[in-house]
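The following questions and answers concern one protein structure.

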Amino acid sequence: MKPAVVSSAAPREETDLRPLPPGWRSYTSPEGLRYYVNSCSKETTWRRPSLSAEVPQRPLARQSSSPYANGCHSSSRTSLTEAADVALRRPTMSKQPPGSVSPARRQIREVKETKITINCVTFPLPGGSPEQQLLKPNEWSYCDYFWTDKKDPQGTTSVAGFEVLLQKQLKGKQMQKEMSEFIHERIKIEEEYAKNLSKLSLSPLAAQDEGTLGEAWTQLKKSLHDEAEVHLKFSNKLHSEVEKPLLTFRCDNFKKDLKKYDHHIADLRKQLASRYASVEKSRRALADRQKDLEVKTQQLEIKISNKTEEDIKKARRKSTQAGDDLMRCVDLYNQTQCKWFEEMVTTSMELEKLEVERIEWIQQHLRQYTTLRHETDMFNQSTVEPVDKLLQNVDPGRDRELWVKENNTGDVRPVDMDI
């Protein structure tokens with residue numbers, strides 16, 4: 001979510017050109033309203049002070065006083081650095097990326113004990129009050145759980161959460177490759193098995209057996225040849241319908257696309273860190289300018305001279321310029337942070353989609369493997385059924401009869417037996 005941006009409002013023209021009483025100065029609030037400050041008494045008022053001391057002045061309401069008035073003056077102890085700090089952390093209802101609330105959402109009040117800044121984004125410490133809401137509260141979505149860095153068990157080094165997502169994709173690619181290699185080994189086994197079955201079916205062993213048993217034996221050898229054909233077809237289908245799709249899925253530009261994601265997010269993070277460093281540098285510069293202006297103002301209260309007046313004007317111009325520089329840096333940081341957040345959400349959701357597609361793809365083709373395996377078992381059973389049928393018809397008496405008819409050596413005569 002893009003943090004609120006503090007900008008300076010255009011000052012209104014002061015129509016009353018009468019001189020102010022001694023010690024009074026006029027300033028313009030960010031809303032463009034003119035107010036007046038007594039540098040001696042520190043009194044502030046919306047109403048233009050008159051030369052008559054008897055005219056009471058209406059004091060500024062405390063809650064309406066601005067901590068930043070075109071970089072010229074602060075009516076309270078709140079400094080420009082505090083105002084800019086709020087700008088970096090205040091949530092806004094302006095343009096939002098996908099989802100409801102940014103995981104990088106800022107709080108207006110800074111409580112250093114309950115938050116940590118990583119990659120220029122604020123996160124709650126364990127046990128602290130929550131600073132973020134999930135984009136997908138009912139899902140374990142990538143875009144909600146990979147914003148911070150992941151430390152190793154020793155806590156010495158860390159890996160960016162986005163890098164963890166990229167490693168997950170590469171690991172998935174490796175698992176997919178290993179699965180295709182597994183199926184390839186299964187194919188080799190099937191091919192070797194089919195080759196051995198076919199060779200065995202041509203064996204001359206026991207080929208001379210006759211009768212009904214011989215018919216069953218011949219059919220059994222033929223079933224081996226048919227089974228070899230079934231397993232050969234199974235191995236061919238495994239190659240074309242399982243192994244090849246697994247091997248070629250996201251094979252061409254997948255790693256290149258991941259590198260593009262990596263470089264893009266890394267560049268945005270570097271730019272965000274650079275913008276944040278610029279804000280801090282401008283914040284320190286503004287603090288120095290304000291301190292210098294305060295010192296010169298105190299000198300003016302002690303001794304009034306033309307030189308002191310010129311020094312104060314010069315210090316005020318520098319303070320104004322420093323304030324404008326800080327607000328410009330804040331605005332650039334806000335834009336960069338918004339861009340980084342949007343890209344993080346979009347890219348992590350894209351990686352999540354790719355992982356879902358990979359799992360569904362593998363699931364689909366492993367189901368195809370089981371389907372082909374069941375079909376192979378059915379075909380094998382069909383080659384054995386004729387063997388079972390012939391084995392049931394084996395009849396030793398019939399075999400003896402057939403053998404006697406073909407191999408008898410003479411007429412059948414009755415045997416005389418003496419009684």
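Q: Which residue forms a salt bridge with R250?
A: A salt bridge is a side-chain nitrogen of Lys or Arg within 4 Å of a carboxyl oxygen of Asp or Glu. The closest N and O atoms of the pair are 2.7 Å apart, and the partner of R250 is E357.

Q: How many residues apart in sequence are the parts that R250 and E357 tie together?
A: R250 lies in the loop between α4 (211–248) and α5 (254–302), whereas E357 lies in helix α6 (residues 306–392). Helices (H or I, at least four residues) and strands (E, at least two) are DSSP runs, numbered from the N terminus. Because of these positions, the pair ties together parts whose separation in sequence is 107 residues.

Q: Is R250 buried or exposed?
A: The model is predicted: local features need pLDDT of at least 70, side-chain atom pairs count only at pLDDT 80 or more, and totals for chains, interfaces and linings use all residues. Residues are numbered from 1 along each chain as its sequence is written, and side-chain values use heavy atoms, with hydrogens and water left out. Buried means under 20% relative accessible area, exposed over 50%, and partly exposed in between (1.4 Å probe, protein chains only). E357, at 32%, counts as partly exposed, while R250, at 18% relative accessibility, counts as buried.

Q: About how many helical turns separate R186 and E190?
A: The side chains of R186 and E190 meet in a salt bridge, with an N to O distance of 2.3 Å. R186 is buried at 17% relative accessibility, and E190 is buried at 4%. An α-helix has 3.6 residues a turn, so residues three or four places apart point the same way. Because R186 and E190 are four residues apart in helix α3, their separation is about one helical turn.

Q: What is the relative accessible area of K339, which forms a salt bridge with E343?
A: The closest N and O atoms of E343 and K339 are 3.1 Å apart, and both residues lie in helix α6, four residues apart. E343 is buried, with a relative accessible area of 18%. K339 is partly exposed, and its relative accessible area is 38%.

Q: Which backbone oxygen does the side chain of S180 reach?
A: S180 is found in helix α3 (residues 161–201) and is buried, with a relative accessible area of 1%. Leaving aside neighbours within four places in sequence, S180 is in contact (heavy atoms within 4.5 Å) with E243, L246 and L247. At 2.5 Å, the side chain of S180 reaches the backbone oxygen of K177.

Q: Which side chain is joined to that of S141 by a polar contact?
A: S141 is found in the loop between β5 (121–124) and α2 (142–145), and at 1% relative accessibility S141 counts as buried. A polar contact is a pair of N or O atoms within 3.5 Å; within protein, one must be able to donate a hydrogen and the other to accept it, and residues adjacent in sequence count only if both atoms are side-chain atoms. At 2.8 Å, such a contact joins the side chain of S141 to that of E352.

Q: How far apart are the end C-alpha atoms of helix α7?
A: Helix α7 (residues 396–407) has 12 residues. The expected span of a helix is 1.5 Å times one less than its number of residues, so helix α7 should span 16 Å. In agreement with this, the end C-alpha atoms of α7 are apart by 16 Å.
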